[in-house]
Amino acid sequence: MKEEENIIIQYNTYNARYLSFEEVAESFIPNQEFYKLLKNDNSLLMGPRGSGKTTLMKMITPGAIYNWNSTEAKEIHKEIPFFGIYIPSDIQWMKQIQSLEKKLGDNKDISKSISRMLVNTNILISACKTFTHLLLKIPIEGKLLSKLESFIKDLIKFWNIPKPIPLSIDAIVDSLHLRIKEVNTTVNKIVSENLHFNQIEKPNYFYEEFFDLLVLACNSFENHFKDLNVFNSNYFRWALCFDELEIAPEWLQLELLGFLRSRNQKFLFKLATTPLVSLYDSTNKKYFKIDAQLDNDYKIIRTWLSSRTDEKNWESFCNNFVSSLIAKKFNFKIHPLEVFGHYNDEKTFYENEHSKFQKAKSKSVYEKYSAFWIIMRELAIKDNSFNKFLLSKGIRPENPITKQKAIEDSVLRKIKPIVIFRYYFKKPEEKLRSRKITALYYGLPNIYHICDGNPRTIINLVTEIYPYIKIKNDCKVNEVSISNQARVAQFVSETNFEIFSNHPDANIVLNNTRINLGEVLTHIGKYFFNKIVTNPFTMDPLSVFIIDEKVDAQLIVLLKFALNVGAILHLEPQEGLLNEQELRNKKFRLSYILHPLFKLPIREYHTINLSTILMDFLIQKNNIQKSKDQFSLFNK
């Protein structure tokens, strides 16, 4: 196996899907999304893959929350207003259902019936896990043993579990697993004997609805155990926590979105999904309309950053999270600031061009002989367009200062990040420096911003930093150098790019030409780099794109995938649910984790239509394909 493939596998291993409830609780650090999810309302938790949705969904269940030991945990144990039932949309569902559909051919009614039965059975298995975790809180003896046996008898009756069977929840789970095996046998019988579905005798559970079965089971649990003090504060509400809704069968997605209108006051629906929610009903060939109203019937909780408040909350979470990661690795507490230091966009020049900036250290930012003054002065020599820009603002390029506070604020402060990047990459005579590692990605909070609200990315980045953390005898650390931080940022950026590009869904065919997501991302990145660094200087460069009407529908499919994996981010989330057909005329940007690779500032600037960005790229791809076709023709 290639080294690159090993790296990609490593970066996908930290996934809460594969961790037990206890393991998730052991390393859990709460964030604002967690506290929102704890509220007594229906919730739609949205975010790209790897943004911590599964961890959050597992943490609001008894199996995790009662194993969570922290300062706030005890209070939350008492105050949480529901019992969570974690229901994963296991990829095995999809594989089983796709396999059945393939065997059964065009008979969609049979496929849906069997799909519903498989999903219902897995939901009941998930409910059993929650019941088991709740019962671990109480000593099962005497009268409680009698209550438990009575509760289990109810489950056997309500869920049509075959008798005889031992009176244990584990035995019920085994029986439910046996149902799945029986379904596979039934399908094989239909196919091999060329039978019609109606010719097969089917148990009652083929016709049941999971919600009705859960209501019966949860009401029975309440009736048997409501008098116990340990449960009194929860009012016996239940939260059905459906994870990874995007890979659930279409009928289940639409059904659950319909349930957001509050079907039963004792049940809440907590649904986790990628940023795009498919509302297309392929059976009826139309788009599904959600009756539930945002804010009245349900809340949307987003895991990506879309405001300054989000950024501040993310920084606070990262400080706690990174501290815990480092403490676990080195067995003592180190504040992340000791490792990364503060970000200062001039600091890199002190380290790499020390003599030139030595005198500038004590000067304020916009005064004569300050580091930024030196940078502007030298850039004006290298870059004629910047020279002209300063003159147009009444600033002398040989002495780029101003006594007018308004110009300092509206011009110098605004252009500073752009000027830093242009100076860093430009040589005299409009040539570019060839820099493999860009020493502009380091320090706090910049390192946090690169990770763009994604806990899995921050884990990967901190893991790569470990070898550079040197502990001194007094249990303090030397700040990791700018160049080493930048090297790690570059590596993590490249690795994420490879993950995005190598995914099976990262390819489309457009006009008989194969297009990979990596090619599209690279073209967008280069386009914005040129606008910021190589094109004539402007204080209003481009870094945001709009998916306009001219973008081909096939490209929309690719961009949908890019959004769901976190390669691009939606910048107008206040609009509520965003269906894949509604991507057009919305604003997006490249994820900040790709910015070290494409050498872009961690900032948002002005917008441009995506069709304009991709025009040259698509023409070039089309011409290459035409050349290949002609070559093939002449060689036949």
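Select Phe-83, Phe-131, Phe-151, Phe-221, Phe-225, Phe-236 and Trp-238: these residues form one aromatic cluster. The model on screen is a predicted one. A search of the whole structure finds 38 aromatic pairs.

For one of these pairs, keep Phe-221 and Phe-225 selected and hide the rest of the cluster. The ring centres of Phe-221 and Phe-225 lie 4.8 Å apart and the ring planes stand at 50°, so this pair is tilted.

Next, clear the selection and pick two other helices, α13 (residues 308-330) and α21 (residues 455-465). Two packed helices are described by the distance between their axes and the angle between those axes. Here the axes of α13 and α21 come within 11 Å and cross at roughly 45°. The crossing of α13 and α21 is right-handed.

Finally, show the side chains where the two helices touch. On α13, select Trp-314, Phe-317, Cys-318, Phe-321, Val-322, Leu-325 and Ile-326. On α21, select Pro-455, Ile-458, Ile-459 and Val-462, which complete the contact. Colour the contact residues of α13 and α21 by type: how many are nonpolar, polar and charged? The contact has 11 nonpolar residues, no polar ones and no charged ones.

How values were computed:
Residues are numbered from 1 along each chain as its sequence is written. This is a predicted model: local features need pLDDT of at least 70, side-chain atom pairs count only at pLDDT 80 or more; totals for chains, interfaces and linings use all residues. Side-chain values use heavy atoms; hydrogens and water are left out. Axes are lines fitted to C-alpha atoms, for helices over the stretch in contact, and angles run from 0 to 180 degrees between N-to-C directions. Helices (H or I, at least four residues) and strands (E, at least two) are DSSP runs, numbered from the N terminus. A crossing is left-handed if the near helix is turned anticlockwise from the far one by less than a right angle, and right-handed if clockwise. Contact means heavy atoms within 4.5 Å. Ala, Val, Leu, Ile, Met, Phe, Trp, Tyr, Cys and Pro count as nonpolar, Asp, Glu, Lys and Arg as charged, and the others, Gly among them, as polar. Rings of Phe, Tyr and Trp (its six-membered ring) pair if their centres lie within 6.5 Å; planes under 30 degrees apart count as stacked, over 60 as edge-to-face and the rest as tilted.
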